[in-house]
Amino acid sequence: MVSIWNPKGGQGKSMISINLAAAAVELGLKPLVICQDPQGTSTLFYNSHNLPFKVVSEIPDQAPDADLVIFDHQASDWELPPCELVLMPTKPERSQYATFADAKRMADEAGKTVIPVVTDGNMQRKNEKETVLALRQQGAFEIRSSVAFSRAADDYRTIFDPELNRVNNIKDRRREVEAVLSAVLQGVNNKEKQDHVAA
Amino acid sequence: MSQPDWMNQENNRASKGKGATTTNPTAPRLVKEKKTVSSAPKVERTLKGFRVDKTLIAKFDVLVAEQKTKSGKNGPALIDEALELLFKKYKKS
């Protein structure tokens, strides 16, 4: 299980949730997205019938038949998410980063494993480039600003949809999401190992 | 490439906070509705019809609505509980 969390809105929580799930499908896994956002962005994508995985709006009362459960949290949610593994997206601008820093400090204090992801960075802008590179040096993953995401959102698709195969630089964006997925799966595996040892 | 100065400033500012403190702790916060899920074991059920006092049923409906949010118990679970109390009263195992 992984929580996609940042109290700041517009950082890419839903975009990461659905594209991470799509990347998991490409690996042959069965993901489930639990949309915890009243805006229902992930649910809107699901309702388009273009997603190869399920999005549900409530936490199932029985363990779901899924290899990876992704919680898409809502903006303004300052309550620490229940998952031990927390993926936190942030844009590379100061006011966005400020909220990320506050929320990350809370997650760190609570002993959560945090995967930082810097989203929507435009490397043509010197200041954003500096921030992206600094965050990457600190271990953050990067999902760069790209037309691929807006093209995909036009039809409520993920960037892994074959319809988008000819979009410019699509392979780079897919690779970035896959790198994030590998970190998530590594985090999930580590947690399972710890639980096994503890048992 | 060096880290922007403001990142250090923001990190220092954030590190001074503790617990759930935010930059504006007095602002209204989102309160999430807590949903409780009944952990009662699944039981095999059957239908049984009764003619019941209308006023009791009205009270029962209100009780079910309250308990669903408080304890997660639904109508059938509360009927089970009522029957158990009846058996206890009349000493039936």
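Predicted model: local features only at pLDDT ≥ 70, side-chain atom pairs only at ≥ 80, totals over all residues.

Reader: Where do Tyr97(A) and Phe100(A) sit in chain A?

Author: In helix α3, residues 94-109. Tyr97(A) and Phe100(A) are three residues apart there, so about one helical turn separates them.

Reader: Are those two buried or exposed?

Author: Tyr97(A) and Phe100(A) are both buried. For Tyr97(A) the relative accessible area is 3%.

Reader: What does Tyr97(A) form with Trp6(B)?

Author: An aromatic pair, edge-to-face. The centres are 5.7 Å apart, and the planes make 70 degrees. This pair crosses between chains. Tyr97(A) is in helix α3 of chain A, and Trp6(B) is in helix α1 of chain B, residues 5-15.

Reader: Why is the Tyr97(A)–Trp6(B) pair edge-to-face?

Author: Because the planes are 70 degrees apart, and over 60 counts as edge-to-face.

Reader: And Trp6(B), buried or exposed?

Author: Trp6(B) is buried, at 17% relative accessible area. The cut-off for buried is under 20%, so Trp6(B) falls within it.

Reader: Which residues make up the cluster with Trp6(B)?

Author: Tyr97(A), Phe100(A) and Trp6(B) form one aromatic cluster.

Reader: Switching to chain B as a whole. How many helices and strands?

Author: Three helices and zero strands. From the N terminus on, the order is α-α-α.

Reader: How much of chain B is buried?

Author: Of its 93 residues, 14% count as buried. The accessible surface of chain B is about 8300 Å². Carbon and sulfur atoms account for 58% of that surface.

Reader: Back to chain A. Where is Ser3(A)?

Author: Ser3(A) lies in strand β1, residues 2-4 of chain A. Ser3(A) counts as buried because its relative accessibility is 0%.

Reader: What does the side chain of Ser3(A) make a polar contact with?

Author: With the side chain of His73(A), at 3.0 Å.

Reader: Which residues is Ser3(A) in contact with, leaving aside neighbours within four places in sequence?

Author: Phe71(A) and His73(A), then Pro81(A), Pro82(A) and Cys83(A), and also Leu85(A), Val86(A) and Leu87(A).

Note on methods:
Residues numbered from 1 in each chain as written. Chains lettered and ligands numbered in written order. Heavy atoms only, no water. Helix = DSSP H or I, 4+ residues; strand = E, 2+ residues; numbered from the N terminus. Buried < 20%, exposed > 50% of the residue type's maximum accessible area, 1.4 Å probe, protein only. Polar contact = N/O pair within 3.5 Å; in protein donor to acceptor, adjacent residues only side chain to side chain. Contact = heavy atoms within 4.5 Å. Areas by Shrake-Rupley, 256 points an atom, 1.4 Å probe, with all protein chains shown as cover. Phe/Tyr/Trp six-rings, centres within 6.5 Å; stacked < 30°, edge-to-face > 60°.
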